[in-house]
Amino acid sequence: MSGIIGQAADFYRLRLTRLEELSGLDFEWRDDILYRQPPRSDVHEEEVWIVEAVELDDEDVVRELGRFATRDHAEDLLQEAQEALDEMTRSRFEARYLDSSIGSDTSEAT
């Protein structure tokens, strides 16, 4: 990471994103038109909650902190990371949350 010193909150903001993943989506060809239409049955939506750190200088730079099957677990990490963001320096925050992959809880989505 960068060698710039300062409070982590001066460099990052956190966000919680809900992603709906479709499983079991299999397209079927329709002969009377030129596109495919998915079958109406067997489509299941699964929610995945993603906690991300966004750089304030370049909002296109997004780093994932964790993925979770439930909002409650994602909000727990979001709250913990927000407290760390407010208290830690940039280098300590990056070392704790961005340099290493912290535990994600996607196993509950299955």
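Biologist: Which residues account for 60% of the contacts in the chain with a separation of 6 or more?
Modeller: Residues 24 or more positions apart do, going by this predicted model.

Biologist: Okay, and what does the secondary structure come to?
Modeller: You'll find 2 helices and 5 strands in the chain. Read along the sequence, they follow the pattern β-β-β-β-β-α-α.

Biologist: How much of the chain do buried residues make up?
Modeller: Of the 110 residues in the chain, 25% are buried.

Biologist: Let's go to the helices. Where is H1, and how many residues has it got?
Modeller: H1 covers residues 71–87, so to speak a run of 17 residues. From its first C-alpha to its last, H1 reaches 24 Å, which is close to the 24 Å expected at 1.5 Å a residue.

Biologist: Which residues of H1 are buried?
Modeller: Ala74, Leu77, Ala81, Ala84 and Leu85.

Biologist: Why are those on the same side of H1?
Modeller: Because they cover an arc of only 100° around the axis.

Biologist: What's exposed on the other side of H1?
Modeller: Asp72 and Glu87 are exposed there.

Biologist: What about Glu83, where is that found?
Modeller: Glu83 is in helix H1 too. Its relative accessibility is 43%, so Glu83 counts as partly exposed.

Biologist: And how far is Glu83 from Ala9?
Modeller: Their C-alpha atoms are separated by 9.8 Å, though Glu83 and Ala9 are 74 residues apart along the chain.

Biologist: Now the other helix. At what angle do H1 and H2 pack?
Modeller: H2 is residues 90–98, and H1 packs with it at an angle of about 160°, their axes being 10 Å apart. That makes the two helices, H1 and H2, roughly antiparallel.

Biologist: Which residues of H1 meet H2?
Modeller: On the H1 side they are Leu77, Glu80, Ala81, Ala84 and Leu85. Their partners in H2 are Phe93, Arg96 and Tyr97.

Biologist: So which residues of H2 are buried?
Modeller: Arg90, Phe93, Glu94, Tyr97 and Leu98. They lie on the same side of H2, because the arc they cover around the axis is only 100°.

Biologist: Where does Gly6 have its place?
Modeller: Gly6 is in the segment before strand E1, and E1 is 12–23.

Biologist: Switching to strands: where is Ile50 found?
Modeller: In strand E4, which is residues 44–55.

Biologist: Buried or exposed, that Ile50?
Modeller: Ile50 is buried, with a relative accessible area of 6%.

Biologist: What does Ile50 touch?
Modeller: Leaving out residues up to four places away in sequence, Ile50 touches Arg15, Leu16, Thr17, Leu19, Glu64, Gly66 and Arg67. Take Gly66: it is 16 residues from Ile50 along the chain, and the C-alpha atoms of the two are separated by 5.8 Å.

Biologist: And Val48, where's that?
Modeller: Val48 is in strand E4. Val48 is buried, and its relative accessible area is 5%.

Biologist: How far apart are Val48 and Ala74 in space?
Modeller: They are 9.3 Å apart, C-alpha to C-alpha, and 26 residues apart in sequence. Ala74 is one of the buried residues of H1.

Methods. Residues numbered from 1 in each chain as written. Predicted model: local features only at pLDDT ≥ 70, side-chain atom pairs only at ≥ 80, totals over all residues. Heavy atoms only, no water. Helix = DSSP H or I, 4+ residues; strand = E, 2+ residues; numbered from the N terminus. Expected span 1.5 Å × (residues − 1). Buried < 20%, exposed > 50% of the residue type's maximum accessible area, 1.4 Å probe, protein only. Arc of directions from axis to C-beta. Contact = heavy atoms within 4.5 Å. Axes fitted to C-alpha atoms, helices over the stretch in contact; angles between N-to-C directions. Parallel < 35°, antiparallel > 145°, perpendicular 65-115°, else oblique.
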